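Please look over the sequence and the structure shown here. A short briefing, grouped by topic, follows.

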Amino acid sequence: MISIPSRLRDAHVHLYAYGLELSCVGMASCASAEECLHRIAAAAEGRAPGEWIACTGARVEGWREARWPTAREIDDAAGGRLCFVRSFDLHAVAAGAAALRLAGVEAATPDPAGPGKEGVIARDASGDPTGLLLEGACELLWRAMPQPTPQEFKERVRAALRDFRRRGFVEVHDMLSQRLLGPSIAALIDEGDEAALGVRVWLYPALDDVAWTLEHEESFARDTLRLAGGKIFLDGTLNSRTAWMLAPYPEPLPGLPHGKAMHGEEAIEAAVRRCDALGLPLAMHAIGDAAVRAGLGAIERASPDTAGFRIEHCQFVDEADVPRFADLGVIASLQPCHLLPDIEALRRRTPHRMGRAFPLRDLLDAARAAGLEPQDAVWFGSDAPVVEPDPADNAQAAAHRRRGGMPAEDAIAPEQAITEAEAWACMRSEAWEAGG
Ligand SMILES: [Zn+2]
């Protein structure tokens, strides 16, 4: 009998984005471009002409036609309303013609360029935008969207917290927390909102925002709400081949054989010192094994006094780096549930490093060897809204290394499986375990 904890922790979420996602038309279960357009048409019924129809979670690679709907198709389905369909990984969006116009995207618009801003406006044979915007080009559309009012922001956060509470979570760690987030949750707590009172929230704003947040913390901190650290990015993502890998990709992006390092060694070390000087730990986004190594190296050199430094994602960890987590007191914060939708991407992008993908067995064994309880060294989360925050998906991925119903030989690095009980332990919250 597996004991499933009644008090769960999701150690990596984006509360506002998830609340926003809950208010959107979900495309996660959509199987074709045709079905996508039907869903848009259904959502358009009864909506005011000026209202946005935001669709999220599309996995177009898995659709029957494996193609995005065009701007004209989206407009027809939406009855001319402003509409977009966003990819589950947030790296692509297909916009209707009305939305493209509002974003100022036309045939003469150049592809966005510049460090961190590069993007592609997909075009047809005659040079007209098809509606599909990739990477940095998505920003053209997001900039044209109306900003939420503080009230709207709060309502989305409320929706997210309710959803987490309903799923049994009593603790979530928000990554890249906006300035409005702390005050919004504090207001919900003060109103007596049950979900806000029932979920402990740790905030990790971007490193550049930590000092500001610390200055203002007194106004929003509550028993269950506090500033917990800062956040920086060391690399990109697996699907876009920008995760920073020790060994080159078999089919890399042009000019990026090892993916993309966001910062040099010295800058990472400086970030560790900067956060430590404020008395706070840093959460480092590191998907590739080279990024993980760079993060650990920076912590080793800076030797911070503050506890709680953590590396987010750890999708690949080289064998040599596994024991360094426990040695340095660094928490490995993983989302094994991403293995489920990423099985095909892992095979395609990183066949050379499959044995090091989500190395849970290694990390837990190393923690035990160092005298730590696994749940004190390895934390699980979902990265919602990237995927639905279903804790059972983390248990499935961690223990079976494949989607339910798949044959055993399809498992990714089965030697790295842990037991379901161990997986649930990595999701157990210590918050108010004494009942407080
Ligand atoms: Zn995230």
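A residue is called buried if 20 or more other C-beta atoms lie within 10 Å of its own, exposed if 12 or fewer do, and partly exposed in between, with C-beta atoms placed from the backbone. Glu217 is partly exposed, with 14 other C-beta atoms within 10 Å. The model is predicted: local features need pLDDT of at least 70, side-chain atom pairs count only at pLDDT 80 or more, and totals for chains, interfaces and linings use all residues. Residues are numbered from 1 along each chain as its sequence is written.

- Glu217 is found in helix H9 (residues 207–220); helices (H or I, at least four residues) and strands (E, at least two) are DSSP runs, numbered from the N terminus.
- Between the C-alpha atoms of Glu217 and Gly57, which are 160 residues apart along the chain, the separation is 33 Å.

**The largest nonpolar core**

- A nonpolar core is a set of buried Ala, Val, Leu, Ile, Met, Phe, Trp, Tyr and Cys residues joined through C-beta atoms within 7 Å.
- The largest such core has 132 residues, of which Ala95 and Leu133 touch the most other members.
- Helix H11 (residues 289–302) gives the most to this core, contributing 7 residues.
- Because domain 1 and domain 2 both give residues to this core, it lies between them.
- Leaving aside residues up to four places away in sequence, Ala95 touches Ala71, Phe84, Leu100, Ala103, Gly131, Leu133 and Leu141; two residues are in contact if their C-beta atoms, placed from the backbone, lie within 7 Å.
- In soluble globular proteins, nonpolar side chains tend to be buried together.

**Packing of H6 and H7**

- Helix H6 (residues 150–166) packs with helix H7 (residues 181–191) at an angle of about 70 degrees, and their axes are 9 Å apart.
- Axes are lines fitted to C-alpha atoms, for helices over the stretch in contact, and angles run from 0 to 180 degrees between N-to-C directions.
- H6 and H7 are therefore roughly perpendicular to each other, a term for angles of 65 to 115 degrees.
- Phe153, Lys154, Val157 and Arg158 of H6 make the contact with Leu181, Ser184, Ile185, Ala187 and Leu188 of H7.

**Helix H16**

- As 7 of its 10 residues are buried, H16 is largely enclosed by the rest of the structure.
- The buried residues of H16 are Pro391, Asp393, Asn394, Ala395, Gln396, Ala397 and Ala398.
- These buried residues pack against strand E1 (8–13), helix H13 (339–349), helix H14 (360–369), E15 and H17.

**Backbone features in loops**

- Most residues other than glycine have a negative phi, and most peptide bonds are trans.
- The peptide bond from Ala384 to Pro385 is cis, with omega near 15 degrees, and Pro385 lies in the loop between strand E15 (378–380) and helix H16 (391–400).
- Cys314, although not a glycine, has a positive phi of about 45 degrees; Cys314 lies in the loop between strand E13 (310–313) and helix H12 (322–328).
- Cys314 counts as buried, with 29 C-beta neighbours inside 10 Å.
- Arg401 is also not a glycine and has a positive phi of about 60 degrees; Arg401 lies in the loop between H16 and helix H17 (420–425).
- Arg401 counts as buried, with 25 C-beta neighbours inside 10 Å.

Key. Domain bounds come from an automatic or database domain assignment. Angles under 35 degrees count as roughly parallel, over 145 as roughly antiparallel, 65 to 115 as roughly perpendicular and the rest as oblique.
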